[in-house]
Amino acid sequence: MNRLANLRRSFAALLILATAFAVHAAEDRFELTFARDVNYRGGTVSIDHRFGSLNIRTHEGSTVRVRAVIRSSDDAIGKQIQIVTSESAGGVTIRTDFPEVHIRNGRISYSVDMTVLLPANAPVAAKNRFGSMVAVGLRTNSTLENKQGPLSFRDGRGSFTLENSFGPIDATDNQGNLIIRNQNGPVSVKTINGSIDVTNRFGPVRVSDIERGAIINNGNGPVDVLDVGGPLKVSNSFGPVKISTAGGTVDVSNNNGRVELVNIGGAAVVRNSFADVDVRTVKGALTVQSNNARVSAEDIGGTATVRSSFGAVDLKDISGSATVDNSNGSVTLSDIGRDVRVKTNFAPTFIEDVAGSIDVESSNGAISVSGLPAGNCHPIVLRTNFSSIKLALPTGASYNVSAHTSFGRINSELPITTTNVGNENLTGTIGRGGCRLELSNANGNINIEKQ
């Protein structure tokens with residue numbers, strides 16, 4: 001009880017202190033307007049700012065214009081705040097200097113809100129430590145670095161690097177490439193006529209309308225990507241990844257977050273664990289490696305290869321072949337354009353409408369195959385134990401049959417011309433024969449049915 005009372009008193013004291021600071025911060029007694037124009041002879045415009053907002057814009061002139069408002073709740077401290085500028089052939093330097101202040105009782109506040117207008121052809125290297133940064137209309141390669149506050153960038157022409165530590169980054173409309181580095185805040189990037197490279201921690205990343213490629217590394221937040229024209233590579237953890245419309249190849253690595261891919265123009269590779277993978281409409285091949293979650297894929301223009309464990313695998317409308325290696329999860333395949341290869345255990349396998357050969361190796365799981373097309377030879381090999389095999393064959397099918405089981409029976413609705421027959425073994429032909437049909441089971445029945 002005493003600890004709870006002490007915590008309540010401490011929290012109340014903090015509220016009073018925060019309120020007092022906010023009130024006194026609003027009661028600025030000192031305010032000074034600063035204006036200075038500096039000749040620009042080329043080079044980089046370097047800005048080192050802190051404790052206030054920083055706005056960077058371009059104009060048609062040949063000078064660097066610095067406009068600022070200095071504010072302080074203490075008149076003596078306000079007068080000591082300086083804005084230092086210098087110029088040389090190497091560029092223009094702008095710096096804010098603040099006195100060393102020992103705050104007592106939270107009663108002192110100060111800030112400098114600065115706007116810098118620079119020639120359109122001037123590159124910028126800007127830093128701000130405590131406050132927002134806004135950059136608009138930059139026309140050449142530059143670097144913008146913020147520490148604690150939002151960073152906003154728009155209407156750029158060139159290659160830019162944007163960095164932040166504790167705050168969001170918002171980048172819009174750039175004719176060129178972007179490198180973005182953030183640590184503790186959301187990142188939003190859209191309408192970029194170039195490529196992007198984004199790294200973030202502890203925050204969402206949202207990207208849209210990127211003309212070329214994108215590389216995204218994130219952690220502890222969702223990644224949402226819409227309309228990337230080139231190749232895309234995403235690495236994430238502890239957050240979902242959603243990609244809609246990518247023109248090139250896609251490579252995704254994720255942990256503990258769902259992965260969703262829709263409308264991919266090239267091949268796709270997905271590595272994920274402890275969350276589902278859902279893929280729809282990939283023009284190229286699909287490769288998925290997953291653990292402890294479901295894998296679902298539909299409308300794949302190339303081959304589909306899935307390696308998984310402890311989760312169901314569901315593939316349909318695959319133009320190429322399908323290969324699945326699964327453990328402790330069911331496998332369902334339908335509408336496969338070429339061959340099928342499945343290896344699984346401790347779960348059933350369901351296969352329907354396969355144009356090529358079928359090879360299934362299962363342990364402790366039932367196998368069901370149906371919907372096979374009539375006509376050409378489609379070799380079939382099915383092996384399992386401690387469960388059943390059910391195979392439906394179309395009218396007019398022709399196979400050389402070799403079936404074996406133990407502790408079970410072999411039944412066929414189709415006539416078989418036998419050369420060896422028994423309750424647990426059967427060798428013969430269906431129709432004209434010629435195509436391989438091998439069925440092997442242990443401790444379970446084998447049933448051949450009419451389709």
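User: OK, so where does Phe51 fall, buried, exposed or partly exposed?
Analyst: Phe51 has 24% relative accessibility, so it counts as partly exposed.

User: And how many aromatic pairs are there in the structure?
Analyst: There are 5 aromatic pairs. One of them joins Phe51 and Tyr110 edge-to-face, at 5.5 Å centre to centre with 75 degrees between the planes. That pair links distant parts of the chain, 59 residues apart. Phe51 sits in the loop between strand S2 (44–49) and strand S3 (54–59), while Tyr110 belongs to strand S7 (residues 110–119).

User: What about the rings of Phe98 and Tyr110, how far apart are their centres?
Analyst: Their centres are 5.6 Å apart and the planes meet at 35 degrees, so the pair of Phe98 and Tyr110 is tilted. Phe98 and Tyr110 are both buried.

User: Which residues make up the aromatic cluster there?
Analyst: Phe51, Phe98, Tyr110 and Phe130 form one cluster.

User: Switching to Ile56. Buried or exposed?
Analyst: Ile56 is buried, with a relative accessible area of 0%. You'll find Ile56 in strand S3.

User: What does Ile56 touch?
Analyst: Leaving out residues up to four places away in sequence, Ile56 touches Ile47, Val116, Leu118, Val124, Ala126, Val134, Ala135, Val136, Leu138 and Leu144. Take Ala126: Ile56 and Ala126 are 70 residues apart along the chain, and their C-alpha atoms are separated by 9.0 Å.

User: Cysteines next. How many disulfides does a search of the whole structure find?
Analyst: The search finds 1 disulfide. Cys377 and Cys435 form it, with sulfur atoms 1.9 Å apart. The link is right-handed, with 80 degrees about the S-S bond.

User: Which parts does the pair tie together?
Analyst: Cys377 lies in the loop between strand S35 (367–370) and strand S36 (380–383), and Cys435 in the loop between strand S41 (425–430) and strand S42 (436–440), so the pair ties together parts 58 residues apart in sequence.

User: Are those two cysteines buried or exposed?
Analyst: Cys435 is buried, at a relative accessible area of 3%. Cys377 counts as partly exposed, at 47% relative accessibility.

User: Zooming out, how many helices and strands are in the chain?
Analyst: The protein chain has 2 helices and 43 strands. Its C-alpha trace spans about 110 × 65 × 25 Å along the principal axes. The radius of gyration is 34 Å, whereas a compact globule of 451 residues would have one near 22 Å. Buried residues make up 45% of the 451 residues.

User: And the accessible surface, what does that come to?
Analyst: About 20,600 Å² for the protein chain, with 48% of that belonging to carbon and sulfur atoms.

User: Last one: where does pLDDT stay under 50?
Analyst: Over residues 1–27, where the model has 8 contacts beyond four places in sequence. Where pLDDT is low, the predicted coordinates should not be read in detail. For the protein chain, the mean pLDDT is 91, and 92% of its residues reach 70 or more.

Notes: Residues are numbered from 1 along each chain as its sequence is written. This is a predicted model: local features need pLDDT of at least 70, side-chain atom pairs count only at pLDDT 80 or more; totals for chains, interfaces and linings use all residues. Side-chain values use heavy atoms; hydrogens and water are left out. pLDDT is the predictor's confidence in each residue, from 0 to 100. Contact means heavy atoms within 4.5 Å. Rings of Phe, Tyr and Trp (its six-membered ring) pair if their centres lie within 6.5 Å; planes under 30 degrees apart count as stacked, over 60 as edge-to-face and the rest as tilted. Helices (H or I, at least four residues) and strands (E, at least two) are DSSP runs, numbered from the N terminus. Buried means under 20% relative accessible area, exposed over 50%, partly exposed in between (1.4 Å probe, protein chains only). The radius of gyration is taken over C-alpha atoms; the globule rule is 2.2 Å times the number of residues to the power 0.38. Accessible areas come from the Shrake-Rupley method with a 1.4 Å probe; for residues, only the protein chains shown count as cover. A disulfide is a pair of cysteine sulfur atoms within 2.5 Å.
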